[in-house]
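Trainee: Hi, could you walk me through this model? I'd like to begin with the charged side chains and then move on to other things.

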Amino acid sequence: MTDPSLSNHDLIPTTAAQRTWRWQDFAALWVGMVVCVPTYTMASSMLDQGFSWQQAVGLVLLANCIVLVPMILIGRVGPKHGIPFPVLARASFGVKGASLPAVLRGLVACGWFSINCYFGALALHSFLNVLGMGLAAPAPGETISSSQLACFIAFWAVHIFFIWKGTESIRLLEVIAAPLMIGASIALVVALVLMVPSAQLFGLPAKAVPGGPKVWAALTGLVGFWATLALNIPDFTRFARSQRDQTVGQALGLPLPMALFSMVGVMGFSASAILYGKAELFPDALLAKMGPVAAGLGLLVILLANLTTNVAANLVSPSYDFSQLAPSKISFRMGGLIAAVIGLLFMPWKLLATSGGYLFTWLGGYGTLLGAIAGILLSDYYLVRRTELRHDDLYRRGGDYEYTGGWNLRAIVALLLGVLPCLPGYLAVSGVIDKAAVPAGLVTLFDFGWFFSLAVSGTVYILSMPRRPAAQGVTA
């Protein structure tokens, strides 16, 4: 019998009537998330680290082909079992232990949600100034002006509408927004090509850096960019009509669009250096130099891009994740509201003003942690369970996923063994401790963090878990 403390309407398997997402919907979902400021700056920022534009765009493509593999494999849980990520985690971590990976995943989403809301607020503030409102920038000693704070609250509130309306409203948002953002990207490319000959756009030499570009560190960071979604992709694929829809949609919507939009960033970066004497990493700075019309239209697209990415990537997941903590009391809507409030408490204007790169290093470090969780989920689902789950036991105490008091200690040990060896390197890279005090091998190990933690945690888990007979899925 289903335990009310482990179940609610949003966590139970989706019905056949709810599984309406086609491959086009998944492709639009990914285009909506891919077209954002961080993707625009992804390859262009690598130019400053000694990469050529071909190397940078090629690494973006390779990284997203790599992360597509666990994305599709974990995504296959959705069409078959209709369950979200926190419920899937119960099979490996235990019906209560699943709260650990759920909260870890949820908190990093809250951090990114807050930061993207802030970026959106700055774009909204700039757009209103393009319209002639004359809003003030922060005064000396301030990290945010009162008008910027008002824009932050306004942009934050828009997200609440979509989380309140549910996943179907998010699907419609992505379907509508995707072609608009593709069109805007093409328009920017055409404008840049008309202003600067292609030979010059792609002819800037790579920057010389000591030791040369760090390929593995860059590749690991690029893989970690979507490592979060690789975990909670069942939150979306549980609405897929078939395995083919989620597989084809993700394969078309993720790797190539990521590479193409990062190339747009490379072109913008190079064009600004050639035309205006300064390479601009962020699109709003380039658009501002191209005139008020380009700035106004471009800022609207940036607002839309931030909204589509933020709602899908950073609100859906914590909505389910926080529901796992107390399903009888926290629904999908309530989980989303909790995530939004936590996002406010982050006060990103202070975080970015005081910690800058360290903050992003901290968030990037989650790639190592999330790689370990992904390794455990994949090992459990494919090698221990052989893709079969006992649905009833996922929603009750005392069943196959009870373990010890609801916690699978083998999964916890596997998680720690995958993550802890990378911790010294992470602390050194983030500046918490002196890099000279950490052996070079441990710093290098962190460069492989996602790959290392996924392989080690997955291997330790499969070696420690007893083999079990295949379960027969039973609807809850």
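Predicted model: local features only at pLDDT ≥ 70, side-chain atom pairs only at ≥ 80, totals over all residues.

Mentor: Happy to. A salt bridge here is a side-chain nitrogen of Lys or Arg within 4 Å of a carboxyl oxygen of Asp or Glu.

Trainee: Where do Asp400 and Arg385 lie?

Mentor: Asp400 is in the loop between H21 and helix H22 (409-419), while Arg385 is in the loop between H20 and H21, so the pair ties together parts that are 15 residues apart in sequence.

Trainee: And is Arg385 buried or exposed?

Mentor: Arg385 counts as buried, because its relative accessibility is 4% and the cut-off for buried is under 20%. Asp400, at 24%, counts as partly exposed.

Trainee: Which residues are linked with them in a network of salt bridges?

Mentor: The network links Asp380, Arg385, Arg390 and Asp400.

Trainee: How many salt bridges does the count come to?

Mentor: Nine salt bridges, by this rule. One of them joins the side chains of Glu388 and Lys80, at 3.0 Å from N to O. That pair links distant parts of the chain, 308 residues apart: Glu388 sits in the loop between helix H20 (357-384) and helix H21 (391-394), and Lys80 sits in helix H4 (residues 77-81).

Trainee: What is the relative accessibility of Glu388, and what is it for Lys80?

Mentor: Glu388 has 22% and counts as partly exposed. Lys80 has 37% and also counts as partly exposed.

Trainee: What about Glu280, which residue does its side chain meet in a salt bridge?

Mentor: That would be Lys289, at 2.7 Å from N to O. Glu280 is buried, with a relative accessible area of 11%, whereas Lys289 is partly exposed at 35%.

Trainee: OK, changing topic to nonpolar surface. Which residues make the nonpolar patch?

Mentor: Ile182, Ile186, Val190, Leu194, Met195, Leu204, Ile274 and Leu275 make a nonpolar surface patch of about 690 Å². Two elements give two or more residues to the patch, helix H8 (167-195) and helix H14 (255-276).

Trainee: Which element gives the largest share?

Mentor: H8 does, with five residues.

Trainee: Now helix packing. How do we describe two packed helices?

Mentor: By the angle between their axes and the distance between the axes. Helix H6 (residues 99-130) and helix H17 (residues 316-323) pack at about 145°, and their axes are 8 Å apart. The crossing of H6 and H17 is left-handed.

Trainee: Which residues make that contact?

Mentor: From H6, the contact is made by Ala102, Arg105, Gly106, Leu107, Ala109 and Cys110. From H17, Ser317, Pro318, Asp321 and Phe322 take part.

Notes. Residues numbered from 1 in each chain as written. Heavy atoms only, no water. Patch = residues over 30% accessible without salt bridge, like charges linked within 9 Å, V, L, I, M, F, W, Y side chains within 5 Å. Areas by Shrake-Rupley, 256 points an atom, 1.4 Å probe, with all protein chains shown as cover. Helix = DSSP H or I, 4+ residues; strand = E, 2+ residues; numbered from the N terminus. Buried < 20%, exposed > 50% of the residue type's maximum accessible area, 1.4 Å probe, protein only. Axes fitted to C-alpha atoms, helices over the stretch in contact; angles between N-to-C directions. Left-handed = near helix turned anticlockwise from the far one by under 90°. Contact = heavy atoms within 4.5 Å.
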